[in-house]
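Subject: Structure for your review

Dear colleague,

Please find below the structure that I am handing over to you. My notes on what was found in it follow directly after.

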Amino acid sequence: MLTRGKVILFYPPYDGPPLGAPLALLSLAGTLRNADFEVVLIDAAIEPGYLAKIKAECETALCIGISVLTGPMIRGAIEVAALVKSHAPNVSVIFGGWHPTLSPESTLREPYVDIVVRGQGEITIVELANALAEKKPLDLIAGLSWKKQGRLIENFDRRIQPIDTFAPPAYDLIDFDAYERATGRRELAYATSVGCPYACNYCTDMVVYKRRFNAYTAEHVIAELTDLVRRYRIQHVALLDSNFPVDLRRAVAIAKGIFESHVNFSWTFQASTDFICRMSQEEVQLLADSGVSYMGFGTESTSASVLKMMNKRHQRVDEMYETARKTNLAGIHINFNLILGYPGETEEDRLTTFRTMSDIGRKFSNVRFSPNIFTPYPGIPIWPQLREMGVSEPQTLEEWMEMPLGANVLPWLRGRELARLDRMLSYFLLLNQVGRSSKKLSLIHRIIGLMIETPIRWRLRSSLFTFPWELWLSQLSEHLIRRRSLVTGHELPIETANVC
């Protein structure tokens, strides 16, 4: 079949097991194919020989688009981009995704990057591919940064378009069998919306989507999702929405439609607690009955002063309790993300968070916690403040690649203060692990748990963390807790999950 040209879409390798087919590239593939371009999608997570395959495909390719996230994933993107420029210099190398969007200039300065697609790429990539195929200028393509005779040129931004105006993602390109071999189950990454109405100062979502909630209708989601589950025998669906229940009526209608379809699969999503609190208990139960097994929440802190600095005025502690209560009654597991070391946070702020979250964990067995050191991602609104506080902002793609995501790079969190935070976090994780593990442990381990629970609660109340005998005693049982050191960042706690 004749096409307008071949476009390679590449997803670089990343740490950890495969997370499913990259939805961002599937979305680009859908609009490209709709415009009569051939698409070759290569995901390094399931393609061990991706370098050889890319080299072969570049023989007849028009361009290669590489999706990039901040951090170690950049390494694989650089490797492939350099390979293409040396092997097939006439093939345009295009970087897109979150990192190039948030840091386009430093990305484009690299010699192996020809073009950067900023923001929503479904229309931009088609206009770009058309221009490359027809050898037309790139000057008027919105959302593009590019090079002209060595100069870096940034075209005007592209306005965000309704996602229901695009061709559907190319789900038929997914090798579900390969992902199942790698992960043990058939999973699908899916999005019913993009954008979030809130303006948290540490969040990249508001930079790209300008606080606009952009969603498919409930009818569209129900029909497409249940069809995909049936057709590809999907067992689990992970929604990538930034804040799924922003439109409560739509969220409830989706759950109702899935439940009434009698198509069985589990599904998960991220949300903010205020939206779940606005649901009735019956509606939360409907989520569970439709297959929702897990929700992630960016609670971040329970300190009023920290939440104000984060610009999370919508976040209330009483709603954290209520969200935990409602989901616990419905049998849904939830995760509360915590950000530690935020600019301006004090030790008393951290203790407030640890005390409150420990109380929530004691009262509701369905709650888990994911503590993380604050990470300064590119483009977030508080970078001027961070520079004033001594944070060194990476200036090149390689420097962003070396940024240790999840480890401490904050100049105000050093020495004794960092050591105390690490000790407090160890006690917090241990306390929340003791109660959950007691039924599964031997008698001696249960006795140890009872011995240390009350003293740990006293420590969090009194802010006394010297002579940590409880931590030493807990090490007698390898099943009781596995700590993550904020100093080394090497081990993940048992409670940790990836929630934004």
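E105 forms a salt bridge with R109 (a salt bridge being a side-chain nitrogen of Lys or Arg within 4 Å of a carboxyl oxygen of Asp or Glu), and their closest N and O atoms are 3.3 Å apart. E105 counts as exposed at 51% relative accessibility, whereas R109 is partly exposed with a relative accessible area of 43%. Here buried means under 20% relative accessible area, exposed means over 50%, and partly exposed lies in between, with a 1.4 Å probe and protein chains only.

Before going further, please note that this is a predicted model, in which local features need pLDDT of at least 70 and side-chain atom pairs count only at pLDDT 80 or more, while totals for chains, interfaces and linings use all residues. Residues are numbered from 1 along each chain as its sequence is written, and side-chain values use heavy atoms, with hydrogens and water left out.

Further salt bridges

By the rule given above, the count of salt bridges comes to 29. One of them joins E402 to R75, with the closest N and O atoms 3.4 Å apart. This pair links distant parts of the chain: E402 is in the loop between α17 (397-401) and α18, R75 is in helix α3 (residues 73-87), and 327 residues separate them. Helices (H or I, at least four residues) and strands (E, at least two) are DSSP runs, numbered from the N terminus. E402 counts as partly exposed at 49% relative accessibility, and R75 counts as partly exposed at 46%.

Within helix α15, R362 and D359 lie 3 residues apart, about one turn of the helix. Their side chains meet in a salt bridge of 2.6 Å, N to O. D359 is buried, with a relative accessible area of 17%.

The mixed sheet

An open sheet of 7 strands has the order β2-β1-β3-β4-β5-β6-β7, with mixed pairing; two strands pair if DSSP finds at least two bridges between them. Strands β2 (38-43) and β7 (151-154) stand at its edges with a single partner strand each, so one side of each has no neighbour in the sheet. From one strand to the next, the twist averages 20 degrees. Axes are lines fitted to C-alpha atoms, for helices over the stretch in contact, and angles run from 0 to 180 degrees between N-to-C directions.

Strand β1 (residues 6-11) runs parallel to strand β3 (residues 63-67), and 4 bridges join them. V7 has C63 in β3 as its bridge partner. Helix α2 (residues 50-57) lies across β1, β2 and β3, running at about 165 degrees to β1.

Strand β3 is largely enclosed by the rest of the structure, because 5 of its 5 residues are buried. C63, G65 and S67 point one way from β3, and I64 and I66 point the other way. β3 also pairs with strand β4 (residues 92-96) in the parallel sense over 5 bridges, and I66 has F95 in β4 as its bridge partner.

The parallel sheet

A further open sheet is formed by 6 strands in the order β8-β11-β12-β13-β14-β15, with parallel pairing. Its edges are β8 (187-190) and β15 (367-373), each with a single partner strand, so one side of each is left without a neighbour in the sheet. Strands β12 (residues 266-271) and β13 (residues 292-300) run parallel and are joined by 5 bridges. Q270 stands opposite G296 in β13. Helix α15 (residues 347-363) packs on the sheet and touches β13, β14 (333-340) and β15, contact meaning heavy atoms within 4.5 Å. The direction of α15 makes about 170 degrees with that of β14.

S272 is in the loop between β12 and α11 (273-277), and counts as buried at 7% relative accessibility. Leaving aside neighbours within four places in sequence, S272 is in contact with Y198, N243, F297 and H314.

Yours sincerely
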